[in-house]
Amino acid sequence: MATRPGLIRRANHWRLNKCRKLRSAVLLKWYEFAYAKRRPHYPISELPKCHSLILMMLRTGLGDAIVMSGFINALRQSGREVHCICNSRTAVILSEMIDTDGVYVLPNRPSRKDVLKLNLACDGVIIFLDPEKRLLEDIKVLTAIKHRFAIGFNQKLSVFFDLNIIRDEIGCHWTERLKDGAKQLGVVIDDYKYDLHFSPDCLRDVDEFVKELGPQGFVLFNPIASDKFRSLSPEIVRSTIDYLTHHSSHRIVVFNVTDATLRRDYPQVIFTPFAELDRCLALVGRCACLITVDTSFVHAARFFDVPMIGIYNNRLSFGRYDNNVQWGPGYAKALQVFSLDHDQTETGDDLRRLPFEVLKQAMEQYPAVH
């Protein structure tokens with residue numbers, strides 16, 4: 001009797017998954033024996049004396065980096081050196097808009113050799129993210145850095161960490177975790193503030209663009225995120241632009257929409273005036289109101305303290321934390337709009353299914369839109 005192809009594929013997928021888990025477990029055990037148990041250990045009471053710190057931000061997104069900027073600034077203001085390890089995408093914002101003492105770029109799947117080439121050494125390494133499927137990658141990178149202390153959060157393999165901070169983040173904003181990490185280093189952050197910097201050329205370009213728009217101000221609409229599940233459908237995009245053009249006294253600026261039909265039908269709307277990230281984020285600070293699905297824009301809006309409608313899709317970070325709260329706006333001028341499905345998954349609801357009426361009601365009730 002012939003075996004169905006689907007059954008073979010599932011069996012092969014199961015086999016590969018089991019082999020990967022076994023390989024990962026064996027390698028982690030080897031790293032534990034070869035590095036964790038052989039490196040010298042120091043009294044945890046000396047942790048606040050750490051001068052040079054490396055933040056492992058390999059899976060940190062653009063919006064996450066903006067939130068991290070407050071921690072980085074607080075540590076540097078206290079006299080510490082703060083260096084960051086990240087991917088090439090996040091390096092743009094860390095290098096150009098956040099003051100650090102060094103940014104080191106690694107491939108998306110770094111090998112131990114990639115890290116050793118950098119010849120990194122510091123007093124303390126910090127991993128803020130909970131462990132996930134790429135735990136082995138984190139340990140590879142960590143053990144390739146010369147360090148006295150390693151600080152982690154909710155880590156399963158505490159043997160690699162001198163301080164493993166166990167936190168229940170249910171109902172907490174991410175800044176609470178960052179404040180806890182700073183406290184362990186002897187730095188108290190009472191008023192957590194993001195810290196971004198923009199070049200004179202960037203600010204000049206933005207100022208010139210805003211001046212050309214005229215005195216009535218503008219609403220900035222960003223309906224597309226890096227993840228399709230957090231992006232609005234073409235139908236909602238059109239309906240939102242149509243609503244704004246008929247009900248707002250402001251000019252309308254739209255980011256990340258390339259639909260030629262929309263550009264033809266709404267010639268009065270300005271589509272994607274800047275391609276550069278710094279100019280896009282700086283423009284947030286000049287708008288009358290921001291409407292966005294992308295948390296990098298959300299957090300930029302908090303930095304500038306501008307009115308904002310943020311559209312969230314009930315995602316569960318690490319399969320357990322409420323992303324609506326953990327990475328929420330966290331400031332008084334922000335209004336959150338939520339999807340309706342509540343799928344309770346790591347990807348979250350598909351915002352392309354969001355009824356326009358939900359967003360329309362928010363815009364009707366939010367004075368800054370008009």
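Guide: Contact here means heavy atoms within 4.5 Å. This is a predicted model, where local features need pLDDT of at least 70, side-chain atom pairs count only at pLDDT 80 or more, and totals for chains, interfaces and linings use all residues. Residues are numbered from 1 along each chain as its sequence is written, and side-chain values use heavy atoms, with hydrogens and water left out.

Visitor: Which residues is serine 231 in contact with, leaving aside its neighbours within four places in sequence?

Guide: Serine 231 sits in the loop between β7 (218-222) and α8 (234-247); helices (H or I, at least four residues) and strands (E, at least two) are DSSP runs, numbered from the N terminus. With those neighbours set aside, the residues in contact with serine 231 are Pro223, Ile224, Ala225, Val293, Leu351 and Arg352.

Visitor: Is serine 231 buried or exposed?

Guide: Buried means under 20% relative accessible area, exposed over 50%, and partly exposed in between (1.4 Å probe, protein chains only). Serine 231 has 6% relative accessibility, so this residue counts as buried.

Visitor: How many disulfides does a search of the whole structure find?

Guide: A disulfide is a pair of cysteine sulfur atoms within 2.5 Å. The search of the whole structure gives a total of 0 disulfides. For cysteine 202, which is in none, the nearest cysteine sulfur is that of cysteine 280, at 9.1 Å.

Visitor: At what angle do helix α7 and helix α10 pack?

Guide: Two packed helices are described by the angle between their axes and the distance between the axes. For α7 (residues 200-213) and α10 (residues 277-284), the axes are 9 Å apart and the angle is about 55°.

Terms used. Axes fitted to C-alpha atoms, helices over the stretch in contact; angles between N-to-C directions.
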